[in-house]
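Let us walk through this structure.

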Amino acid sequence: MSGDTGLRALLDAVRQSRRLVAFTGAGISTFSGIRDFRGSNGLYRDYDANRIFDLNYFLRDPDYYYHHARHFIYNLDEKEPSLVHRELARREAAGKLRAVITQNIDLLHHKAGSRNVIELHGSPMVHRCLGCGKTWTFDQIQSMLQSGGTPRCDKCRGIIKPDITFFGEALPTGAIERAVREAAGADLMLVLGSTLVVQPAASIPLYTLQSGGRLAIVNNAPTPLDGLACCRWHDLESFFSALAQDPLPHGNGG
């Protein structure tokens, strides 16, 4: 579909859904001033993807991660949720959205007020010592970085790692199980700002299709699942600007 007909069909699909679930990727946070990873201005154009989130490299040289991540992770307190984050939170509060399944690690869904957020790739909210297991908050690690140097455990001098899923690590079992359950129960899975290329997270929308639900995709670049989608639209801003005009009930009603 293309043009206004495609947008109208997408809006109708969302408005008619009774068990809507959203699946979000880095593209929704570009509106908040956060660069995506693989786009034309993506972070991987500046940082080596084989090092910045690679577990084996991190264990050898955590300095590389912390030196670069201070510029796009440990400044997240300065970022505000976009129209997309806010509208998803509004729909959840009105009982029109069951869950948000996200590939993002920027914490903006929480900041917008979403409650049922499933973080497939973990979160920097908690950091752990790989030696003794002591934990730190995001704010504590941010303060350590502002003081200079790479954070180290003050108990055993071990490496401190964020609870972000690095390449070489399995996705959090609990998050995957919850995501599969929500996807399988959805009558419409709304994929937003994701290229759907990072596995196994990118396979989550297939559970909706396998259970008889439909798939709608909004992304400015092609995805491997475009041919399976009932609706396909290229522009997040026009779609969410239209959705934001919908009057919705307050509270967690219907």
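Is F58 buried or exposed? F58 is buried, because its relative accessibility is 1%. Buried here means under 20% relative accessible area, exposed means over 50%, and partly exposed lies in between (1.4 Å probe, protein chains only).

A word on the basis. This is a predicted model, in which local features need pLDDT of at least 70, side-chain atom pairs count only at pLDDT 80 or more, and totals for chains, interfaces and linings use all residues. Residues are numbered from 1 along each chain as its sequence is written, and side-chain values use heavy atoms, with hydrogens and water left out.

Now the rings. The whole structure contains 12 aromatic pairs. One of them joins Y57 and Y64: the ring centres are 5.8 Å apart and the planes meet at 80°, so this pair is edge-to-face. Rings of Phe, Tyr and Trp (its six-membered ring) pair if their centres lie within 6.5 Å; planes under 30 degrees apart are stacked, over 60 edge-to-face, and the rest tilted. Both partners can be checked for burial. Y57 has a relative accessible area of 16%, so Y57 is buried. Y64 is buried too, at 11% relative accessibility.

F58 pairs with Y66. Their centres are 6.2 Å apart, the planes make 50°, and the pair is tilted. Y66 is buried, with a relative accessible area of 0%. Look wider. Ring pairs link F58 and Y66 into a cluster with F53, Y65, Y74, F138 and F166.

F166 has another contact. The charged end of K161 sits over the F166 ring, 4.4 Å from its centre. Such a contact requires NZ of Lys or CZ of Arg within 6 Å of the ring centre and within 35 degrees of the ring normal.

Next, the cysteines. How many disulfides does the structure hold? The count is 0. A disulfide is a pair of cysteine sulfur atoms within 2.5 Å. For C129, the closest cysteine sulfur is in C156, at 3.4 Å, which is too far for a bond. C129 is buried at 4% relative accessibility. For C231, the closest is in C230, at 3.7 Å, again too far for a bond. C231 is buried, with a relative accessible area of 4%.

Finish at G168. This residue lies in the loop between β6 (160-164) and α8 (173-184). Helices (H or I, at least four residues) and strands (E, at least two) are DSSP runs, numbered from the N terminus. G168 counts as exposed, because its relative accessibility is 75%. G168 and L55 are 113 residues apart in sequence, yet their C-alpha atoms are 5.6 Å apart in space.
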